[in-house]
Amino acid sequence: MAQVVAVSSDVLAFTGGETRFEVAADTVRRLILALDERFPGLGDLIERRVAIAIDGEIHRNAWGAALRPDSEVVLIDRIGGG
Amino acid sequence: MTDVIDKPKQDGPDLKVVGTRPVRPDGVDKVTGRAAFGADYRLPGMLTGRILRSPHPHARIVSIDTTKAKALAGVKAVVTAADFPDLDSEEYEAGESAADIRDLSLNVMARHKVLYDGHAVAAVAATSASVAEEALGLIEVVYEVLPHVTDVVEAMSPTAPLLHEGMITQGVTPPPTRPSNIAKRFASQRGDLEAGFAAAEVVIEDSFTTQAVHQGYIEPHACVATMTEDGQSVVWSSSQGQFMVRTYCAKLLGLEVADVRVIPAEIGGGFGGKTTVYLEPVALALSRISGAPVKLVMSRDEVFRATGPTSGTAITVKIGATRDGRFTAAQVELKYQAGAFPGSPAGAAVMTALACYDLENFSIIGWDVVTNTPKVAAYRAPGAPMVAFAVEGVIDELARNLGIDPIAIRELNGVRDGMKASYGPTFRNIGFQETLQAAREHPHYSAPLAPGEGRGVAAGFWFNVGGESTAALHLNEDGSAVVVTGSPDIGGSRASMAMMAAEVLGVGADRVRPVVADTASIGFSMLTGGSRTTFATGMAVTQAAQKVVESLKARAAMTWETGAEHVAWENGQAICLDPAKDVKALSLAELAANAARTGGPISAEVSLNAQGAGPGFGVHICDVAIDRETGHVAITRYTAVQDVGRAIHPAYVEGQIQGGAAQGIGWALNEEYVFGDDGRMQNSGFLDYRMPVASDLPMIEAVMVEVPNPRHPFGAKGVGEVPIVPPLAAVANAVRGALGFRMAHLPLSPPKVRAALDRSG
Amino acid sequence: MSKVHIRARVNGDPVEFLAEQGMTLLDALRDELGLTGAKEGCGSGDCGACSIMVDERLVCSCLMLAPEAEGRRIETIEGMARDGGLHPLQRKFLEHAALQCGFCTPGLLVAAKALLDQNPDPTETETRFWLAGNLCRCTGYDKVIRAVMDAAAELRQAHSA
């Protein structure tokens, strides 16, 4: 079970403030589908606005990225740049 | 394919090209005037376009009558919003961060309402500039002028004039029932704020403001566009991303993406400001009607009034600490001006505000607020410099109050590997402590100050990003190579692309020539921004070069009639490891010459979505001398230390650091948008919008710390954003040292310093 | 509006062109003569990207009208490299990485050459004040100043040799 922490304000607005979830998923794709099942519509939000940090590395649009059972997964707002 | 090379090459000694300083491949074109920027293109039959802009900061468009303009001899097209599709709101990702496509469309050409002085309302194309200008004067626009608001704090008032009547603040539960100018609330917290402040022995709180400032690229926006009767379009333009321009043009005009080809011109500076479109869709709309190519070039006045500055801000910071300097709690509230449409960098500001520090208890609230000012655009580390100005200012006061050295207090509280960043994830392979140490040990830090001078220190953070990039490497018949990318070269990235390819091939950098290709000639690449190009596009280049090397090894094996496992690639040649063969090494040129016989042309293309960009940290040291008669602040010495991962071309890394520092110094000392009571910008030229000139600055010493990023083949981290984060605070902290009191409102321009001196007696 | 016929010398060569009365010399160089090395950054003489030499004087070509060029000797960035080789200033700009985007570079080079033509041994301060009319947003000027000082040293050496 990946330990998921939500930091993104957008995500928190969706989860009613809930910040920690355990999700059975071994890829980012599975993680997004599982979260969407729990909070319908959250998947779409993640695809548009959220980056996923896995063990400290920020991923964006990376369905294939692997999650280990003990992975630290953090949902943060996407970053652009100059 | 997602990703990366897992085995980073981290050791310096065996790198032959990376880390050297060759002359950039596009250099001669740029010192001889040959390089073609956006305004340098000319096509047969080309028309000149001009844009009519609102003189009001806020008004309803009652009517636009273009009859007389259209009737003028030489006028070939006039467009208004009616000539563009009325798009629905839709978040759309076009290369970097999501933008609302309706807002973008309304910013390019106002419909129903104008929202800032300079907002485009119509455009003409004519056979000459003078006819186009005359035609603008014949367009009759009837406005119903509305009350306006340009200041971020005033815009948050419940009585402020509303820009968007239906806008309900996002991120607030329950949602407000009444509309306001507050687009969104961001929040981030950890621990127990009250307990944290209760544990503090010293608490410092202060409020800061910064003004809107412009990216200030010297090249105004420019493009040429042409569209045929069947909708096929070509755009030549200066931007940070030809694919971004293609996507937005297709969306805003309702075209197939395949029908739009964008050819990147050389770009005369962007700094984030050229990550969106202003002119290209208008030029295409004019070409659609006129049937001729149309050139649009902004004046400097238009650049200031109608393109993206970054936010003016109001920020309050409160930090508590124990007597020995350990931070116990921090509270930050920041208000960021978005301009006419939502989307200030308040969210990024919330994430970066405390990212340098290890804090158990904090709360950060951010507000994204619309105002009757041009829609903000990204500017180098968007959102971070302003909040760093505030946070680093309060930390400076804490250090002074506690009698602790300002670098020591940052070393004590600064983040390290394994700590959780304030924005969530755990830090890995960061170099903040190394950067602080290098600053502390730098001779500048221990150099004595002249009487009356002040010294300031400040730190800064930026995430850096990766993302989608494509690169192709083609080996030529003489063993030279061409590397093709879709990433515009703003500050020398062609050089680093060629160098990374050359390193892998084992040849000199001048044997590899880099090309920035148009949208029809290379696979998709996100725009150049967020300090992603050397990292992400560099990764694609490196992998393409590795594929070519694999192909070369296979061809050598074929030549020697042995297995590929018996071939090694060293110093640009294939070496046979098969003990049964007594053969000479095969050079790159020999293998290239035999390409046809060994399987055909030797090329590789790699498309990837690079993940794992490493965050960067910087620490700046600034000395100032203040003329107490005039209030003029002179920067007498400046040192910028930064963790760069691994410098591919150190001279251009230093250049990024020096340029970012100079922009930050301008922001701190003189630059600001000045709005009159009429809501119009009063200083829309380089005489009155005062950017640093050569005589304003000393040499800027750039010190590179190298803590490699294991996710990049050579260890590179993004370097372009970080250096603009610390200077606002470094300068202000130095001024604090020199004056003996803090000035918390930028810019620290002579009249403000003079007035502050008068008040202080 | 009838156009004015103008004759001048540009980079040593005689040129003739027609220009509207109100056309700037910068626009004439760029649009009538195809010399796009001089750039328009501001149109108000504040950025120096359009710097050229007119009868050995450094001017912002955006502030001069094309008809005023009649009979003048004009030097632009396109004339700086001679006999197939770069001018030492151009070479030093490349060696010192004194340009990033390159948009202000032609103007900076023309202005720097004007400085060295009249002061072969400028101090750093003199160089900074001379170039204060040329805005560069990319480099922070550090490498620009180093390149100009280094080129000055090389030119002095070549001169005394």
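pLDDT is the predictor's confidence in each residue, from 0 to 100. It applies here because this is a predicted model.

**Exercise 1. Judge the confidence of chain B, overall and at residues 1–10.**

Step 1. Take the average: the mean pLDDT of chain B is 95. Of its residues, 98% reach 70 or more.

Step 2. Turn to residues 1–10 of chain B: pLDDT stays under 50 there. The model still has 25 contacts beyond four places in sequence for this stretch.

Step 3. Decide how to treat such a stretch. Where pLDDT is low, the predicted coordinates should not be read in detail.

**Exercise 2. Describe the contact between chain B and chain C.**

Step 1. Count both sides: 43 residues of chain B are in contact with 43 residues of chain C. A contact requires C-beta atoms, placed from the backbone, within 7 Å.

Step 2. Find the helices on the chain B side. Helix 1 (27–31) and helix 18 (650–669) each supply at least two residues. Helix 18 of chain B gives the most, with eight residues.

Step 3. Sort the chain B side by class: 21 residues are nonpolar, 16 are polar and six are charged.

**Exercise 3. Relate the two domains of chain C.**

Step 1. Count the contact: domain 1 of chain C puts in 13 residues, and domain 2 of chain C puts in 11 residues.

Step 2. Inspect the domain 1 side. Strand 3 (residues 51–54) of chain C gives the most, with three residues. By class, this side has eight nonpolar, four polar and one charged.

Definitions and conventions:
Residues are numbered from 1 along each chain as its sequence is written. Chains are lettered from A and ligands numbered from 1 in the order in which they are written. This is a predicted model: local features need pLDDT of at least 70, side-chain atom pairs count only at pLDDT 80 or more; totals for chains, interfaces and linings use all residues. Two residues are in contact if their C-beta atoms, placed from the backbone, lie within 7 Å. Helices (H or I, at least four residues) and strands (E, at least two) are DSSP runs, numbered from the N terminus. Ala, Val, Leu, Ile, Met, Phe, Trp, Tyr, Cys and Pro count as nonpolar, Asp, Glu, Lys and Arg as charged, and the others, Gly among them, as polar. Domain bounds come from an automatic or database domain assignment.
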